[in-house]
Amino acid sequence: MIELERVTVIYNRGTLDEKVALKNVDLLVEEGQFVVIVGANGAGKSTLMKVVVGEVKPTFGVCRIMGQVLKEEKIFKCGSIVCQDPNLGIFPNLSIEENLMLARKKGFRGLSFGRVDPKAIELLRSCELGLEENLKKRASKLSGGQKQALAMVMAVSSNPKLLLLDEHTASLDPKSTEKIMELTDRINKTLGTTILMITHDMSIAEQYGDTVIVMEDGRIVARIDKSKQKVQASQLKSMIKSKLTATT
Ligand SMILES: Nc1ncnc2c1ncn2[C@@H]1O[C@H](COP(=O)(O)OP(=O)(O)OP(=O)(O)O)[C@@H](O)[C@H]1O
Ligand SMILES: [Mg+2]
């Protein structure tokens with residue numbers, strides 16, 4: 001599904017601000033996998049995700065999606081991304097219903113309204129946040145957790161093969177975080193969507209996903225397959241802390 005081969009990313013190459021953000025990264029993510037990426041600030045996690053969506057081009061190496069080097073527009077059609085800010089994944093001035101109609105049309109020419117997919121309503125209902133009962137409500141009036149749940153359902157409305165999550169629970173309270181993580185897991189298990197998720201929350205990394213990748217200074221330094229090895233939040237924390245103390 002995703003294949004990175006010796007990917008190096010150098011920002012501002014040849015200038016005083018030159019920064020090597022990824023160093024010779026090899027990564028293979030199979031279809032249907034749920035991969036969690038952890039690492040200290042600046043380790044290169046978001047850069048890796050930007051390479052996968054085509055937003056950042058590798059300076060060296062290659063990134064293939066479904067066996068091909070795809071243009072950004074193509075990746076846009078087969079993948080969806082949800083970020084930290086709940087306001088970025090929704091159209092705040094439209095109703096929940098209108099948001100869902102537009103999301104379904106993603107990747108097609110023109111932003112005309114379609115129909116709400118019953119599967120989207122079902123997913124909303126499964127979040128138990130009352131969204132399905134208030135379809136006419138303006139998205140700007142929702143809580144952060146409700147907005148993020150809507151953003152997630154919108155992200156999968158176009159049936160993407162790939163869902164990329166960059167700290168998508170970082171701004172949420174514990175209860176909303178739990179709801180959004182349960183939704184994330186349900187999307188992976190019931191829709192079979194391949195998920196690449198970045199988090200700073202080690203208990204989430206312990207609890208969810210089938211593989212944990214630890215990044216440090218532009219490299220993947222550990223890859224833990226949960227079916228073979230138990231992952232503990234404390235163990236992940238100490239792996240990441242050692243990097244922080246080493247650089248300070
Ligand atoms: N557009 C850019 N131009 C220059 N340098 C950049 C750019 N984006 C990221 N960097 C640098 O590349 C390195 C990796 O950044 P990246 O955002 O991938 O880290 P991260 O692991 O996602 O960190 P965080 O946990 O803080 O989000 C950092 O040193 C960062 O300052
Ligand atoms: Mg980041």
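## Conventions

Helices (H or I, at least four residues) and strands (E, at least two) are DSSP runs, numbered from the N terminus. The model is a predicted one, in which local features need pLDDT of at least 70 and side-chain atom pairs count only at pLDDT 80 or more, while totals for chains, interfaces and linings use all residues. Residues are numbered from 1 along each chain as its sequence is written, and chains are lettered from A and ligands numbered from 1 in the order in which they are written.

## Overall form

Eight helices and nine strands make up the secondary structure of the protein chain. Its radius of gyration, taken over C-alpha atoms, is 18 Å. The globule rule (2.2 Å times the number of residues to the power 0.38) gives 18 Å for 248 residues, so the chain is as compact as a globular protein of that length. The C-alpha trace spans about 50 × 40 × 35 Å along its principal axes.

A residue is buried if 20 or more other C-beta atoms lie within 10 Å of its own, exposed if 12 or fewer, and partly exposed in between, with C-beta atoms placed from the backbone. On this basis 41% of the 248 residues count as buried. Two residues are in contact if their C-beta atoms, placed from the backbone, lie within 7 Å. Among contacts between residues at least 6 apart in sequence, 69% join residues at least 24 apart.

The shell around ligand 1 consists of residues whose C-beta atom, placed from the backbone, lies within 6 Å of the ligand. Its members are Tyr11, Asn12, Lys19, Ala21, Gly39, Asn41, Gly42, Ala43, Gly44, Lys45, Ser46 and Thr47. Strand 2 (19-29) and helix 1 (45-53) are the elements that give two or more residues to this shell. The largest share, three residues, comes from helix 1.

By class, the shell has three nonpolar, seven polar and two charged residues. Here Ala, Val, Leu, Ile, Met, Phe, Trp, Tyr, Cys and Pro count as nonpolar, Asp, Glu, Lys and Arg as charged, and the others, Gly among them, as polar.

## Helix 1

Seven of the nine residues of helix 1 are buried, so this helix is largely enclosed by the rest of the structure. The buried residues are Lys45, Thr47, Leu48, Met49, Val51, Val52 and Val53. After the helix comes Gly54, whose phi is positive, near 85°.

Val51, in helix 1, is buried, with 24 other C-beta atoms within 10 Å. Beyond its neighbours within four places in sequence, Val51 is in contact with Leu4, Val7, Val9, Val56, Pro58 and Cys63. By contrast, the C-alpha atoms of Val51 and Val231, 180 residues apart along the chain, are separated by 27 Å.

In soluble globular proteins, nonpolar side chains tend to be buried together. A nonpolar core is a set of buried Ala, Val, Leu, Ile, Met, Phe, Trp, Tyr and Cys residues joined through C-beta atoms within 7 Å. The largest such core has 71 residues, and those with the most contacts inside it are Ile37, Leu150 and Val153. Helix 5 supplies the largest share of this core, eight residues.

Leaving out residues up to four places away in sequence, Val153 touches Leu100, Ala120, Leu123 and Leu124. In helix 3 (residues 96-104), the buried residues are Ile96, Asn99, Leu100, Met101, Ala103 and Arg104. These pack against helix 4 (118-126) and helix 5 (144-157).

Glu216 stands opposite Arg219 in strand 9. The hairpin of these strands has two residues between them, and Asp217 takes a positive phi near 50°.

Most residues other than glycine have a negative phi. With 13 C-beta neighbours inside 10 Å, Asn159 is partly exposed.

Notes
Two strands pair if DSSP finds at least two bridges between them.
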